[in-house]
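Me: I'd like to see where the labels on a structure come from. Can you walk me through a few of them?

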Amino acid sequence: MTAKIALKDLTKSFGSKHVLRGITLDVGKSESLVVIGGSGTGKSVLLKCILGLIKPDGGSIQIDGQPASIKSLESFGMLFQGAALFDSMPVWQNVAFRLLRGPSKLPRKEAREIAIAKLQRVGLPPETADLYPSELSGGMQKRAGLARAIAAEPQIIFFDEPTTGLDPIMSGVINDLISEIVSEMGATTITITHDMSSVRAIATHVAMLHRGHIHWHGPVGDLDTAQDPHLRQFISGAAQGPIETLR
Amino acid sequence: MILFAPFGALGRTTLSLLASIGQVALFALSALRHLVTPPIYLREIAQQFLTIGWLSLPVVGLTALFTGGALALQIYAGGARFNAEAVVPQIVAIGITRELGPVLGGLMVAGRVASAIAAEIATMKVTEQIDALRTLSTDPMKYLTVPRLIAATLSLPILVAVGDSIGIFGGYLVSTTRLGFNEAAYLSNTTGFLETWDVTSGLLKGAAFGFIVALMGCFHGMNSGRGARGVGRATTQAVVSASILILAANYLLTEAFFSA
Ligand SMILES: Nc1ncnc2c1ncn2[C@@H]1O[C@H](COP(=O)(O)OP(=O)(O)O)[C@@H](O)[C@H]1O
Ligand SMILES: [Mg+2]
């Protein structure tokens with residue numbers, strides 16, 4: 001069986017800064033991979049390479065066994081770290097963005113109904129549809145971003161730090177939403193986080209990014225028995241260990 | 001060694017200037033390529049006509065009104081030195097339509113619109129909204145740049161035409177109330193003297209300036225640095241480069257029209 005997403009020897013540098021130094025990683029269909037790693041280790045860069053927003057220096061990216069292309073974007077959904085809602089348009093037009101344009105364009109009324117249904121799915125009342133993103137709280141913006149990511153029923157969804165900046169209760173709500181929606185849709189997902197509660201709620205598989213390589217990769221069930229010292233330090237959050245910290 | 005430092009700095013500045021000219025040219029070519037290939041976002045174009053064209057009317061109108069009035073006084077003062085006060089209507093008309101209407105209109109729109117475009121697009125870049133557009137299968141060049149270029153290029157000539165009329169009216173107002181010109185004679189002197197080319201050459205300049213304004217706004221917005229500092233720098237650079245390019249283009253176009 002071919003992997004849904006297959007990365008091979010992916011490399012990316014910014015100037016003399018080598019962020020990705022050869023990432024090889026397979027994500028199977030309907031898998032929920034969570035990528036963990038410290039801040040600035042290149043997790044967002046990795047996602048943006050797969051999305052085609054950043055051109056990698058070397059290596060290959062395959063989606064369903066085919067090289068990734070501009071076409072693959074049609075099957076992707078993405079929730080950005082800061083939600084990245086378009087602040088020039090009301091929430092429902094954000095959610096329905098893809099449905100209002102492009103090849104699979106729907107009539108406005110129909111697109112609006114779908115948008116409101118998606119907003120309800122992520123726990124936002126219909127009244128939020130006509131608000132502007134700046135009128136929403138951080139947690140509501142994340143929910144609206146989630147609704148936009150799933151609006152066109154993508155097969156592959158990416159989540160960049162879905163719970164960063166939220167209080168623990170709201171984080172729990174977003175984690176639960178993500179895992180419910182993902183299993184409902186049968187989508188393949190890659191989630192970036194450094195929040196271990198997200199890992200436990202969302203992951204079927206975990207990969208740890210460290211110094212530009214995949215340091216550890218395995219099913220979530222192996223996480224607690226894994227002996228790797230880097231992984232152990234990350235999970236326990238200890239300041240002492242093989243991962244150097246700046247103090 | 002220290003003696004040669006200025007030459008090194010000059011060389012680096014020249015190289016980086018040439019590099020940015022190249023970047024702007026490539027950006028413009030890519031924008032034009034996107035302009036002629038579908039999809040076309042009509043809703044965005046209409047929206048931009050409103051924000052760039054319609055909402056600039058007060059600024060351009062007021063600028064023209066005051067300039068027309070001041071111009072009439074100056075020409076009267078200058079003309080009086082060789083008993084040629086009577087040329088006020090003609091010189092006001094030609095000065096406004098050929099030169100001041102388009103140039104001042106372009107500069108005012110550069111201040112109002114190039115900065116707004118650059119700030120908006122740079123903020124969208126910093127907050128990952130441009131990335132979000134791409135992931136929603138929408139090309140930012142088509143969705144953001146093309147509508148602004150179209151709207152600015154087409155609405156500036158209209159703004160200039162309105163500005164021309166208001167500018168001439170400003171001259172008329174001052175001349176008839178302050179300088180004792182006869183109303184009917186002023187108007188017939190203006191209309192009888194102006195040639196079509198006086199007006200259309202100004203409108204053509206307006207179109208070129210509109211293109212420059214939108215191009216600089218979009219270019220600096222799309223290439224902004226990261227963070228709030230990046231947004232600020234992009235905004236400043238958009239206004240400064242648009243203004244300088246407008247003045248340079250104005251000279252080149254005038255020279256071309258002059259020789260033609
Ligand atoms: N467009 C860019 N230009 C230059 N450097 C970048 C760019 N994007 C990311 N980086 C650098 O790459 C490194 C990894 O960034 P990122 O992937 O955002 O980290 P994180 O793992 O926290 O998501 C950081 O040091 C960042 O400064
Ligand atoms: Mg990140």
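Reply: Helices (H or I, at least four residues) and strands (E, at least two) are DSSP runs, numbered from the N terminus. This is a predicted model, where local features need pLDDT of at least 70, side-chain atom pairs count only at pLDDT 80 or more, and totals for chains, interfaces and linings use all residues. Residues are numbered from 1 along each chain as its sequence is written, while chains are lettered from A and ligands numbered from 1 in the order in which they are written.

Me: What makes β3 and β9 of chain A a pair?

Reply: β3 (residues 32-36) and β9 (residues 205-210) of chain A run parallel and are joined by 4 bridges; pairing takes at least two, so they pair. In one of those spots, A:Val34 has A:Val206 in β9(A) as its bridge partner.

Me: What is the strand order in the open sheet of chain A?

Reply: Its 6 strands go β6-β7-β8-β3-β9-β10, with mixed pairing.

Me: Why are β6 and β10 of chain A called edge strands?

Reply: Both β6 (76-79) and β10 (213-219) of chain A pair on one side only.

Me: How do you know that A:Lys43 belongs around ligand 1?

Reply: A residue counts as near a molecule if its C-beta atom, placed from the backbone, lies within 6 Å of it. The residues around ligand 1 include A:Lys43, A:Ser44 and A:Val45. Helix α1 (residues 43-51) of chain A gives the most to this shell, with 3 residues.
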